[in-house]
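Good morning, and thank you for making time for this presentation. I would ask you to keep the structure in view while I speak.

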Amino acid sequence: MDSLMGLLSGFSVALTWHNLLYCLIGVTVGQLVGVLPGIGPTTATALLIPLTYGMPPVSAIIMLSGIYYGGMYGGTITSVLINTPGEAASVITCLDGYEMAKQGRAGAALGVAAMGSFFGGIISVIGLALIGPPLADFALKFGPTEMFSLMLFGLTMVVGLMGASIVRGLVAMCIGLSLATIGMDPISGTLRFTFNQPFLINGIDLVTIAMGLFGLSEIFLGMENLAAAAKPAQITSFMPEKEEIRPTTFAVLRGTFLGFFIGLIPGTNSAIPALLSYSMEKKFSKNPEKFGHGAIEGVAGPETANNSYCGGAMIPLLTLGIPSSPTIAILLGAFIMHGLTPGPILFVQNPDFVWGVIASMVVGNGMLLFMNLPLAGWWAKIAEVPAKLLYPIVLILSIIGAYTVSNDLWDVGVMLVFGVVGYVMKKIDIPMAPIVLTYVLGAMMEKALLQSVKMNNGSLVGLVESPISLTMIVLTAIVLTGSIYAEIKNKKGAIALEND
């Protein structure tokens with residue numbers, strides 16, 4: 001009841017005209033940086049912090065938070081329409097969102113993404129208000145050992161993204177894990193596979209890789225026969241088909257709770273719930289073969305998960321003062337800059353501030369729903385631009401986006417290299433999704449495993465001593481066993497059909 005009253009009082013703060021204005025500025029900037037490839041909410045938040053000097057603390061954090069969750073909405077647009085992810089969380093949306101756009105269903109993809117994002121965002125804010133503190137306490141039980149087991153479980157989901165050939169999927173998986181080892185060892189600081197190049201000390205940026213693999217490779221394929229490039233079909237609806245409503249609804253519900261829970265765990269990022277949600281939806285689907293060819297659940301689930309993640313990630317920050325992602329860490333710096341210390345005492349000393357920020361997230365999600373759903377037709381016009389004009393525009397935006405990752409031409413070169421790699425992979429039918437998933441999870445798994453071994457005096461016994469870790473390992477074994485059994489069963493069925 002106290003939480004409900006606090007949330008209601010927060011609306012009296014969030015709905016003042018100047019805070020509404022700052023919220024609108026925040027979500028609009030977030031939407032724009034999500035659309036522009038390579039920039040992302042982390043960079044935009046860091047760049048705009050100096051502008052908040054002299055602003056009231058609640059207005060400053062409302063605006064910066066709006067950039068954070070607004071970027072999740074914007075990244076969907078370029079992923080669906082031009083196969084170029086605006087930020088890391090939207091990488092997985094390219095797989096089915098762009099396929100839907102090529103089928104003339106860009107409006108439906110943008111529509112379910114906007115509705116799912118709104119629902120996930122609102123539910124996560126309600127969770128933040130009502131059950132945040134106890135859930136944050138539980139998330140603190142996830143140390144390096146538990147994190148390794150969780151990431152190991154996530155890695156088993158790669159099986160669902162390997163496509164028709166397990167061998168080709170394993171090749172992609174090995175590429176992703178190899179890329180994750182480039183740079184500085186997370187524990188000893190030893191440099192690996194850097195070839196004495198300072199650019200590789202911090203590894204390769206995920207967005208740069210994704211822009212090359214997904215965006216540039218599509219341009220190269222299209223340029224092979226530019227004159228015959230197909231014009232997208234006329235877009236007539238921004239809603240899913242009647243038979244798609246039920247699976248889409250369940251995908252949104254699953255994505256909401258998955259993203260919210262992952263947001264509670266320090267050290268994660270918004271790409272993880274999106275990737276896990278996609279794999280989970282493929283497992284639950286009655287027609288898994290549709291994934292990668294325009295499955296609407298492959299858009300609804302991940303887009304919901306990455307927006308739900310935002311609300312969940314705010315819980316450790318507000319209740320415990322612990323940042324759970326890079327953008328949240330930057331927000332923590334903004335708190336401190338304005339003389340505020342996140343944690344339990346913040347709810348006591350500055351209740352109007354806390355509940356005002358939480359209520360503003362409800363208002364901001366409403367603004368973003370309007371910017372994406374009624375205006376989805378305007379965004380979908382991008383898909384109707386002739387290929388000979390669209391490809392140069394996408395190429396220029398991609399180069400600018402890659403450069404802004406660290407203001408270095410090195411990242412532009414890396415993106416171009418991965419564009420060629422993605423082109424070759426598409427030609428020989430090697431799936432690219434496992435590369436992205438193993439790249440994200442591989443680095444986190446390595447760091448967590450090394451920390452766990454150090455904590456247990458060089459022993460791996462800690463992995464089975466923790467109840468949470470043991471549970472995750474058992475679930476991993478079950479998923480792997482089930483996947484292998486299903487693969488063998490499918491192979492036998494195919495052979496039986498051939499013999500008949």
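Let me begin with a convention: a residue is called buried under 20% relative accessible area, exposed over 50%, and partly exposed in between. Please bear in mind also that this is a predicted model.

With that convention, consider Ile478, which is in helix 22. Its relative accessible area is 53%, so Ile478 counts as exposed. Ile478 belongs to a nonpolar patch on the surface, together with Val461, Val464, Leu470, Val474 and Leu475. The accessible area of these residues together is about 460 Å². Helix 22, which covers residues 467-499, supplies the largest share of the patch, namely 4 residues.

Another isoleucine of helix 22 is Ile468. At a relative accessible area of 21%, Ile468 is partly exposed. Between Ile468 and Lys141 there are 8.6 Å in space, C-alpha to C-alpha, although the two are 327 residues apart in sequence.

I turn now to charged side chains. Side chains of opposite charge can pair when their charged atoms come close. How many salt bridges does a search of the whole structure find? The search finds 3, and I shall take each in turn.

Lys102 is partly exposed, because its relative accessibility is 45%. Is the rest of helix 5 enclosed or open? Of the 10 residues in helix 5 (residues 93-102), 8 are buried, so the helix is largely enclosed by the rest of the structure. Among the buried residues are Thr93, Cys94, Tyr98 and Met100. After helix 5 comes Gly104, with a positive phi near 85 degrees.A further salt bridge is formed by Arg192 and Glu446, whose closest N and O atoms are 2.3 Å apart. Arg192 lies in strand 2 (residues 191-192) and Glu446 in helix 20 (residues 433-455), so this pair ties together parts that are 254 residues apart in sequence. Arg192 counts as buried, because its relative accessibility is 18%.

The remaining pair is Arg254 with Glu281, with 2.8 Å between the closest N and O atoms. This pair links distant parts of the chain, with Arg254 in helix 11 and Glu281 in helix 12 (residues 271-284), 27 residues apart. Arg254 is partly exposed, at 23% relative accessibility, whereas Glu281 is buried, at 2%.

Helix 11 itself deserves a brief check of its geometry. Its 20 residues, 245-264, should span 28 Å at 1.5 Å a residue, and the end C-alpha atoms are 29 Å apart, which agrees. The buried residues of helix 11 include Thr248, Ala251, Val252 and Phe260.

Finally, I draw your attention to Glu297, which is in helix 13 (residues 297-320). Glu297 is buried yet has no salt bridge. Which side chain of opposite charge is nearest to Glu297? That side chain is Lys290, 4.8 Å away, and a salt bridge requires the nitrogen and the carboxyl oxygen to be within 4 Å. Leaving aside residues up to four places away in sequence, Glu297 touches Pro247, Thr248, Ala251, Glu281, Ser285, Phe291 and Pro302.

Key:
Residues numbered from 1 in each chain as written. Predicted model: local features only at pLDDT ≥ 70, side-chain atom pairs only at ≥ 80, totals over all residues. Heavy atoms only, no water. Patch = residues over 30% accessible without salt bridge, like charges linked within 9 Å, V, L, I, M, F, W, Y side chains within 5 Å. Areas by Shrake-Rupley, 256 points an atom, 1.4 Å probe, with all protein chains shown as cover. Helix = DSSP H or I, 4+ residues; strand = E, 2+ residues; numbered from the N terminus. Buried < 20%, exposed > 50% of the residue type's maximum accessible area, 1.4 Å probe, protein only. Lys, Arg positive; Asp, Glu negative; His and termini not counted. Contact = heavy atoms within 4.5 Å. Expected span 1.5 Å × (residues − 1).
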